[in-house]
Amino acid sequence: MNRRPTLLAAIALTATAALSLSACGSDDSSKDKDKIAGADTGADKSASPSASAPAVVGRPKIELPSDITLTFTPEQASDAVQTAVLKDNAEFIRALNAAIVAQNPRLPALEYYTEGEGAVAAQEWVGAFKDAGWTVTGTVRYFDRQVTVNSKNSASLSYCGDESKGFSKVIKTKELKGTKVTKDSYTAYGVQLQKNKQGVWELVKISSTQGADRCQP
């Protein structure tokens, strides 16, 4: 299985903010076929609102193409703080996909949910897609989402991504990349978040382990 080495090299992620918000498969015919959290090509203008968090003053409205499906389990917890963390993390993932679709590393919605190393990594990730002329499409399921509240303004979150039905797409040709499902189509994520003055839980660091045993079906 090849994990798009040329594209990852272009991103130059830091060790503490290894933004790997994609899974990838491989076909025997190509070394760079992969899979990524779903969204449609930027060339397709039809879009529909995402199933985003309840509207809050100042929060950006995130819209994704109609073929995108992102699901999050659980969506909320019994604790209000943990629920807020889960919701803002889901919005970050939606914003990341929206930025890739828009081919805009500085999409306001993405900047709204990121800070510091997390913001830099997210911008580089989107920029790499833009430089390659790729977007994303498909379905991604995020599950086993577990929140640890470390302090009043600090939390961590671990979760799995089933990215077996999420793909990269060449914008000009609409060619899908990486249709073969492998162990590496399932990824474990570790996220650190901080609550800002507006009460938003911003992503500040993220790491991933592709093919993690805990995330396998």
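**The disulfide in detail**

Tutor: The torsion about the S-S bond of Cys160 and Cys215 is about -75°, so the disulfide is left-handed. This value, like the others here, comes from a predicted model. The two sulfur atoms, one from Cys160 and one from Cys215, are 2.0 Å apart, and the pair qualifies because a disulfide requires cysteine sulfur atoms within 2.5 Å. By that rule, the count for this model is one disulfide. In general terms, such a link is a covalent bond between the sulfur atoms of two cysteines.

As to location, Cys160 belongs to strand 5, which spans residues 154–170. Cys215, by contrast, is found in the segment that follows strand 8 (201–210). The bond therefore ties together parts that lie 55 residues apart in sequence.

The surroundings can be described through solvent accessibility. Cys160 has a relative accessibility of 0% and so counts as buried. Cys215 has a relative accessible area of 1% and is likewise buried, since the cut-off for that class is under 20%.

A residue elsewhere in the chain may be set beside this picture. Lys130, in helix 4 (residues 116–132), has a relative accessible area of 45% and is partly exposed. Beyond its neighbours within four places in sequence, Lys130 contacts Gln103 and Pro105.

Notes. Residues numbered from 1 in each chain as written. Predicted model: local features only at pLDDT ≥ 70, side-chain atom pairs only at ≥ 80, totals over all residues. Heavy atoms only, no water. Helix = DSSP H or I, 4+ residues; strand = E, 2+ residues; numbered from the N terminus. Buried < 20%, exposed > 50% of the residue type's maximum accessible area, 1.4 Å probe, protein only. Contact = heavy atoms within 4.5 Å.
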